[in-house]
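Subject: Structure handover

Hello,

Here is the structure for your files. My notes on what turned up follow below.

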Amino acid sequence: GLMQAELIAVGTELLLGFTLNTNAAFLSRKLAELGVDCYHHVTVGDNPVRLKETLVGALKRSDCVITCGGLGPTVDDITLATIAKTLERPLVLDQDILTQIRGRFQRLGIPMPQSNLRQAYVPRGAIILPNRIGTAPGFILPLRKKILIALPGPPRELEPIFITQVLPWLEKRASPEAVLISRTLKLTGITESEVDEKVSDLLKLKGETTVGIYAHPGQVDLRITAKHKTKAGAGHNIRRIEQEIRKRMGALVYGADDDTLEEIAGKLLGRQRKTLSVAESCTGGLVGHRITQIPGSSAYFVGGAVSYADAVKSGFLGVPPGLLRKQGAVSEEVAKAMAQGIQKLARASVGLAITGIAGPAGGSKEKPVGLIYIALSNGKQVLCRRYTLTGDRSTIKWKASQSALDLLRLYLSGQLQ
């Protein structure tokens, strides 16, 4: 597009690493969708001199400068005053904001602190962005050829203000020569290098439509990005590449964009009117936690057991003690017995069980750290898969939960070879 943006995050706590700047990622994504390029992210502490330098540099370089943070009522909230000084714009009292802030404190039943009066002042000529969640409003300051936008720092305040007020304002003004759209395909049960081999020609694409590869624990993302004069054109180009990737990768693609394995598995259970129970050893309840993160999971998730000790595996799930002694807790036989046990006990359509060694200690030559067995029982048949996972303890637990949910997805969608 014609516009280039620059983001300035204000706050010493960001520089010290106590707060993670999620606003930069959020704003960059939203600006890209508008066709606005973002070339610089700057972080500066609560220091008026350094903030002034940063503002001056940013306004020389970029058409649109967005500051995040430093608009609150405390002494270290310096953004407002520094912007006014730097741009030589006097601060004027805005009655509407004052009324809003007063009303807010009245509803809370406490008198308004004097320090909050500062938040009712805005630079002359600013367009006010009311804040429904916090007290500090944001503002847009149109300059001769540039735009300065000041937003409050907390993401739960910044995000709704940006989406409902700033985006529509920018949409009218940004005159993008191209629209940028992206779509992410999510894969699991395959390594990054294996994905790379199968789509290397697509990863080399240059020009309007490109593909990037991003690896996460137990998951590989392929992001397709298309630039085009029209939204329809960009969408068409994305669909073409998506079909090609799906043709090559098949059932390894479990979803797109914001899809999660727990959501996909949950939808399949719901559609098939099936219920699920889980018996977890090394994952310690992580699978149950992930499934219950999905609203409405009570329709299909009946519950489960964190059967960590052998005594619980045998006493509660009915795994024969002889089996545990002979095969060991981390074995195909025990995984299968756990799955059958929890399926019967919970009277669920499906019992899913996980047993393994999460590390860092407890491994042996025969059974190394990262060895995991996952079993699935439907009351008639039981299947089991063996996995060797890598990483530290929490990574292995996460990957084991990915594998378990993926096994469930493949079983429910009839794609198990």
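Helix 9 is followed by arginine 273, which has a positive phi near 50°. Helices here are DSSP runs of H or I with at least four residues, strands are runs of E with at least two, and both are numbered from the N terminus.

Please note that this is a predicted model, in which local features need pLDDT of at least 70 and side-chain atom pairs count only at pLDDT 80 or more, while totals for chains, interfaces and linings use all residues. Residues are numbered from 1 along each chain as its sequence is written, and side-chain values use heavy atoms, with hydrogens and water left out.

Helix 9 and its cover

Helix 9 spans residues 261-271, and its buried residues are Leu261, Glu262, Ile264, Ala265, Gly266, Leu268 and Leu269. Buried means under 20% relative accessible area, exposed means over 50%, and partly exposed lies in between (1.4 Å probe, protein chains only). The cover over these buried residues includes strand 12 (253-256), strand 13 (276-280), helix 10 (286-292) and helix 14 (393-412). Contact here means heavy atoms within 4.5 Å.

Other backbone points

Two further residues have positive phi without being glycine. Glutamate 88 has a phi of about 55° and sits in the loop between helix 4 and strand 4 (91-93). With a relative accessible area of 71%, glutamate 88 is exposed. Arginine 347 has a phi of about 50° and belongs to the loop between helix 13 (332-346) and strand 15. Arginine 347 is exposed as well, at 78% relative accessible area.

The peptide bond from glycine 359 to proline 360 is cis, with omega near 0°. Proline 360 is in the loop between strand 15 (350-356) and strand 16 (371-377).

Salt bridges

The whole structure contains twelve salt bridges. The criterion is a side-chain nitrogen of Lys or Arg within 4 Å of a carboxyl oxygen of Asp or Glu.

One of them joins arginine 61 and glutamate 6, at 2.5 Å from N to O. Arginine 61 is in helix 3 (residues 48-61) and glutamate 6 in strand 1 (residues 4-10), so this pair ties together parts 55 residues apart in sequence. Are the two partners buried or exposed? Arginine 61 is partly exposed at 44% relative accessibility, whereas glutamate 6 is buried at 0%.

Another bridge is between aspartate 257 and arginine 183, whose closest N and O atoms are 3.2 Å apart. This pair links distant parts of the chain, 74 residues apart: aspartate 257 is in the loop between strand 12 and helix 9, and arginine 183 is in strand 9 (residues 179-187). Aspartate 257 is partly exposed at 32% relative accessibility, and arginine 183 is partly exposed at 25%. A network of salt bridges links Arg183, Glu242, Arg246 and Asp257.

Aspartate 310 and lysine 313 also form a salt bridge, at 4.0 Å from N to O. They are three residues apart in helix 11 (residues 310-315), which means a separation of about one helical turn. Aspartate 310 is partly exposed at 38% relative accessible area, but lysine 313 is buried at 1%.

Surface patches

Patches are built from residues with over 30% relative accessible area and no salt bridge, joining like charges within 9 Å and nonpolar side chains (Val, Leu, Ile, Met, Phe, Trp, Tyr) within 5 Å. Accessible areas come from the Shrake-Rupley method with a 1.4 Å probe, and for residues only the protein chains shown count as cover.

Glu192, Glu194, Asp196 and Glu197 form a negative patch. Glutamate 197 is in helix 7 (residues 192-203) and is exposed, at 65% relative accessible area.

Leu91, Leu93 and Tyr121 make a nonpolar patch of about 220 Å². Tyrosine 121 is in strand 5 (residues 121-123) and is partly exposed at 30% relative accessibility.

Glycine 72

Glycine 72 is in the loop between strand 3 (64-68) and helix 4 (79-86), and is buried at 18% relative accessibility. Leaving out residues up to four places away in sequence, glycine 72 touches Asp77, Arg118, Gln119 and Ala136.

Regards

Terms used. Lys, Arg positive; Asp, Glu negative; His and termini not counted. Charge placed at Lys NZ, Arg CZ, Asp CG, Glu CD.
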